Amino acid sequence: MIVKRILRPTYRIRVLEFTKSTPKDILPHFKRKGAYVVEFSSDIDPELHVESFLASSYGEYVYLLKFKGGKMFLARHTSWVFEEEWPTPKRFMARDENGLKRFIVSRTSMRERLLTELPPLVIWGAVFLGVINRAFRDNSGGSLFLVFFGFILNDLAKLLEYALIGYCEE
């Protein structure tokens with residue numbers, strides 16, 4: 001919450017993974033609400049596809065809808081579209097249009113996704129090793145300090161991601 005107020009993101013991104021539903025069940029709900037919906041095709045260059053999607057739509061909320069079988073859709077709206085029975089979305093913030101483009105392309109490329117998810121894994125791996133090291137030395141205060149330090153480092157990594165690549169997880 002505090003990070004959102006400090007960063008003031010231009011775009012709010014929601015990633016919804018529908019494993020039990022089909023596009024025929026979900027997409028009409030988005031269209032009824034007035035959202036612009038496009039199927040994301042892997043045949044076209046991802047960057048070109050994202051640029052054309054952004055140029056032909058408007059709104060602060062961008063949705064990446066994933067369905068079983070690998071089908072993906074992009075949707076954009078001026079407000080939050082959600083139903084109670086839908087899965088809880090993963091939430092992201094994008095600083096500007098370039099950050100939004102990087103986010104969508106990273107979600108379609110496994111290499112880019114690994115590069116963005118690596119910093120938190122390194123931070124928490126180091127904290128875990130430090131906690132184990134301190135636990136064997138019977139220093140519980142040091143272990144507690146390392147856990148809190150890990151949370152601070154995690155938030156700093158998010159701020160760094162937001163500043164450098166233009167998006168981060170909420």
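The following questions and answers concern a predicted model of a protein.

Reader: How are the residues numbered, and which pLDDT cut-offs apply to this predicted model?

Author: Residues are numbered from 1 along each chain as its sequence is written, and side-chain values use heavy atoms, with hydrogens and water left out. Totals for chains, interfaces and linings use all residues, whereas local features need pLDDT of at least 70 and side-chain atom pairs count only at pLDDT 80 or more.

Reader: In what order do the elements of the protein run from the N terminus on?

Author: Helices (H or I, at least four residues) and strands (E, at least two) are DSSP runs, numbered from the N terminus. The secondary structure consists of six helices and six strands. From the N terminus on, the order is α-β-α-β-α-β-β-β-α-α-α-β.

Reader: What percentage of the residues of the protein count as buried?

Author: A residue is buried under 20% relative accessible area, exposed over 50%, and partly exposed in between (1.4 Å probe, protein chains only). The accessible surface of the protein comes to about 10500 Å², and 59% of that surface belongs to carbon and sulfur atoms. Of the 170 residues, the share that counts as buried is 39%.

Reader: What share of the contacts with a separation of 6 or more is made by residues 24 or more positions apart?

Author: A contact means heavy atoms within 4.5 Å. Among contacts in the protein with a separation of 6 or more, residues 24 or more positions apart account for 67%.

Reader: Why do the buried residues of helix 3 line one face of the helix?

Author: Helix 3 spans residues 46-55, and its buried residues are His49, Val50, Phe53 and Leu54. Seen down the helix axis, these buried residues fall within an arc of 130°, so they line one face; the arc is that of the directions from the helix axis to the C-beta atoms. On the other side of helix 3, the exposed residues are Leu48 and Ala55.

Reader: Which residues have the most contacts inside the largest nonpolar core?

Author: A nonpolar core is a set of buried Ala, Val, Leu, Ile, Met, Phe, Trp, Tyr and Cys residues joined through side-chain atoms within 4.5 Å. The largest such core has 18 residues, and helix 4 supplies its largest share, four residues. The residues with the most contacts inside this core are Leu100 and Ile104.

Reader: Which residues does Leu100 touch, not counting residues up to four places away in sequence?

Author: With residues up to four places away in sequence left out, Leu100 touches Tyr11, Ile13, Leu54, Val62 and Ala94.

Reader: Where in the chain are Glu60 and Arg12, and is each buried or partly exposed?

Author: Side chains of opposite charge can pair when their charged atoms come close. Glu60 and Arg12 meet in a salt bridge (3.2 Å, N to O), a term that requires a side-chain nitrogen of Lys or Arg within 4 Å of a carboxyl oxygen of Asp or Glu. The pair links distant parts of the chain, 48 residues apart: Glu60 is in the loop between helix 3 and strand 3, and Arg12 is in strand 1. At 31% relative accessibility Glu60 is partly exposed, whereas Arg12, at 18%, is buried.

Reader: How many residues apart are Lys90 and Glu17?

Author: Lys90 and Glu17 form a salt bridge in which the closest N and O atoms are 3.6 Å apart. Lys90 is partly exposed at 37% relative accessible area, and Glu17 is partly exposed at 36%. Lys90 lies in strand 5 and Glu17 in strand 1, and their separation in the chain is 73 residues.

Reader: Which elements hold Lys101 and Glu51?

Author: The side chains of Lys101 and Glu51 meet in a salt bridge (3.9 Å, N to O). Glu51 has a relative accessible area of 38%, so this residue counts as partly exposed. The two residues are 50 residues apart, with Lys101 in helix 4 and Glu51 in helix 3.

Methods. Areas by Shrake-Rupley, 256 points an atom, 1.4 Å probe, with all protein chains shown as cover.
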